[in-house]
Amino acid sequence: MTPMTIAPDRKRLALLFIGIVALYAVVQAGLSAGWIGRFYENMLMNIGINIMLAASLHLIIGVTGQFSIGHAGFLAVGAYTSAVLTTKLDQPFFLAILAAGVVAALFGLLVGAPTLRLRGDYLAIATLGFGEIVRITLYNIDYVGGAAGMQVKHLTNWTVLYGAVVVMLVVIANLTNSAHGRAMLAVREDEVAAEAMGVPTTYYKVLAFAVGAFFAGIAGAMYAHQFYIIQPVAFSFLKSFEILVFVVLGGLGSLSGAVLAATLLSVVNIYLQAFPETRMILYSLVLILVMLYRPQGLMGNRELGDLFRRRAKEA
Amino acid sequence: MTTKARVLETKGLTIHFGGLTAVKDVDLYLDEGELVALIGPNGAGKTTVFNLLTGVYRPTAGEIRFFGERIDGTAPHRLTRKGIARTFQNIRLFQNLTVLDNVRIAYQVNTHHTFIDSIFRLPRFFREENRMLAESRKLLERVGLSAVEGELARNLPYGMQRRLEIARALATRPKLLLLDEPAAGMNPRETQELMDLIRQVREAFGLTILLIEHDMSLVMSVSERIYVLDHGALIAHGTPAEVRKNPRVIEAYLGEAAEDALA
């Protein structure tokens with residue numbers, strides 16, 4: 001239910017803030033004291049990057065309803081932009097992260113402006129094409145190592161990644177819960193009616209694309225500086241598809257669903273690496289089972305907060 | 001006669017779809033405060049005229065003026081911002097959103113906070129969101145939908161969905177309201193309630209209304225003037241009494257059977 005007036009709920013904000021800080025502190029302490037080994041540290045990094053990808057695509061598909069399957073393209077743009085800045089041009093990591101986001105957002109505008117006139121399947125094909133163009137262009141640029149890829153310094157750490165994830169989630173949640181987010185939802189629900197209600201649909205589609213691409217670009221910077229090497233092959237259609245699966249599995253339209261699905265599948269994926277021959281089969285089985293038993297996705301279109309609120313009401 | 005502002009005027013409005021001329025040389029006008037009906041048999045091009053007036057289609061020829069200003073070729077959302085709102089023949093609510101959100105989206109036209117205000121939750125965000133919320137609730141109360149504000153639009157009974165469509169159009173604060181068969185599929189009692197609502201909001205908001213409707217008794221009783229469209233062209237225009245007697249209307253639209261209906 002919408003409350004009578006919209007005001008910051010200080011108690012809830014304080015709790016949320018304490019939770020965010022506590023999670024950071026516990027993990028940071030674990031990392032410095034050595035309870036959390038390399039294996040789990042890598043897992044955390046993987047989860048963080050996947051959450052960024054899932055949440056940024058959620059804004060485009062789940063909220064605005066634009067079916068984009070070229071998200072790995074923005075990831076690649078961010079990864080290579082930041083890698084060139086830190087390794088070739090000796091710029092600080094922080095600047096490289098921002099630049100990765102901004103350049104990816106510019107690509108979002110570039111792709112969005114002409115292709116967002118397309119709908120449904122046609123948009124999907126156009127964005128797929130964009131992702132492939134980025135990948136194949138990278139193959140052919142010797143400056144960034146072509147197919148062999150590019151060596152990158154390891155700079156991503158828990159503090160930076162955690163900060164980026166928190167900032168992104170706050171931005172996406174705040175944007176969604178406002179008149180602007182509702183306008184995006186209107187575009188998803190019925191474009192013709194949205195226009196008739198005075199919603200500039202093209203503006204909101206491009207906005208969603210640019211903001212989504214911005215955070216995918218930042219995820220790219222995190223990715224590049226985590227795995228020592230980046231190669232075009234890592235940003236293929238399969239990567240875009242993996243991100244799409246997070247969003248669909250979490251429940252279209254649910255931010256916490258996307259985060260939850262990205263977390264779960266990242267963990268499943270890592271443990272399945274012990275079974276290299278059957279890994280993809282098992283992964284697919286997990287997806288099939290979830291879709292059979294929860295076709296609306298893990299969270300449907302609800303958010304984590306709704307569950308607590310309902311419980312509070314019943315009590 | 002007092003001189004009233006001319007709200008809407010079309011001259012030679014025409015649109016072709018491929019080889020088909022859907023609307024041909026339509027001249028019509030609405031003065032401030034009028035309630036005018038546009039009638040015609042199925043497929044006569046009534047909804048196409050609406051789509052031309054609201055910018056969904058761009059006319060092949062002719063011009064449309066809104067308070068004297070040329071508006072043909074303007075994007076639909078800009079026309080809404082200028083003060084033209086519409087409802088749809090087949091209800092087009094935001095099905096998976098709540099009743100309240102449906103109306104709030106339409107109020108968006110009058111919001112003055114940017115997405116930066118939203119992201120950082122600046123004071124302007126709270127001020128504007130609360131204003132929108134209060135005004136949306138006031139409007140829902142007026143159309144009798146307060147009790148269901150938290151329901152998803154798709155779960156509403158049919159009559160309420162029609163009301164919500166009107167509420168949503170009103171939220172954009174129109175000067176001109178285009179209603180596309182608002183009483184379609186309603187029983188006589190619901191139709192009566194709907195007409196009362198339309199009369200009420202017309203008074204309260206000082207609206208000019210153009211109405212497409214099939215229910216003849218309804219059209220005859222509420223409208224001040226009637227335009228009759230057949231095969232994309234206007235074949236008659238006048239007061240209900242004049243239109244009722246027009247032989248071309250009787251032949252083209254009402255047919256033989258309808259003569260008794262009108263008698």
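**Strand pairing and chain contact in a predicted two-chain model**

In chain B, strand E3 (residues 35-39) and strand E8 (residues 208-212) pair in the parallel sense, over 4 bridges. Within this pairing, Leu38(B) stands opposite Ile212(B) of E8(B). The model is a predicted one. A further parallel pairing joins E8(B) to strand E7 (residues 176-180) of chain B, here over 5 bridges. Leu177(B) is the residue that stands opposite Ile209(B) in E8(B).

E8(B) is mostly covered, with 5 of its 5 residues buried. In a regular strand, side chains alternate between the two faces of the sheet. In E8(B), both faces are covered: Thr208(B), Leu210(B) and Ile212(B) are buried on one side, and Ile209(B) and Leu211(B) are buried on the other.

A separate description applies to the antiparallel sheet of chain B. This open sheet is formed by 4 strands in the order E2-E1-E4-E5. Strand E2 (20-31) and strand E5 (69-70) of chain B stand at the edges; each has a single partner strand, so one side of each is left without a neighbour in the sheet. Strand E1 (residues 6-17) and strand E4 (residues 61-66) of chain B run antiparallel and are joined by 5 bridges. Lys11(B) stands opposite Glu63(B), a residue of E4(B). Helix H1 (residues 46-53) of chain B lies across E1, E2 and E4 of that chain, and runs at about 65 degrees to E2(B).

At the level of the whole chain, chain B has 11 helices and 10 strands. For 263 residues, a compact globule would have a radius of gyration near 18 Å, and the 19 Å computed for chain B agrees with this. Taken along the principal axes, the C-alpha atoms of chain B fill a box of roughly 65 × 45 × 40 Å. Of the 263 residues in chain B, 40% are buried. Among the contacts in chain B between residues at least 6 apart in sequence, 67% join residues that are at least 24 apart.

The contact between the two chains takes 34 residues from chain B and 27 residues from chain A. On the side of chain B that touches chain A, the elements that give two or more residues are helix H2 (76-82), helix H3 (99-107), helix H4 (115-120) and helix H5 (123-142) of chain B. H5(B) gives the most to this side, with 6 residues. By class, the side of chain B that touches chain A has 14 nonpolar, 12 polar and 8 charged residues.

In chain A, Ala164(A) lies in helix H6 (residues 158-176). Ala164(A) has 22 other C-beta atoms within 10 Å and is therefore buried, the criterion being 20 or more. When residues up to four places away in sequence are not counted, Ala164(A) touches Met52(A), Ile218(A) and Met222(A). Val26(A) is 138 residues from Ala164(A) in sequence, and the two are 18 Å apart in space, C-alpha to C-alpha.

Conventions. Residues numbered from 1 in each chain as written. Chains lettered and ligands numbered in written order. Predicted model: local features only at pLDDT ≥ 70, side-chain atom pairs only at ≥ 80, totals over all residues. Contact = placed C-beta atoms within 7 Å. Nonpolar A, V, L, I, M, F, W, Y, C, P; charged D, E, K, R; others polar. Buried ≥ 20, exposed ≤ 12 C-beta atoms within 10 Å, placed from the backbone. Pairing = 2+ DSSP bridges. Rg over C-alpha atoms; globule rule 2.2 N^0.38 Å. Axes fitted to C-alpha atoms, helices over the stretch in contact; angles between N-to-C directions.
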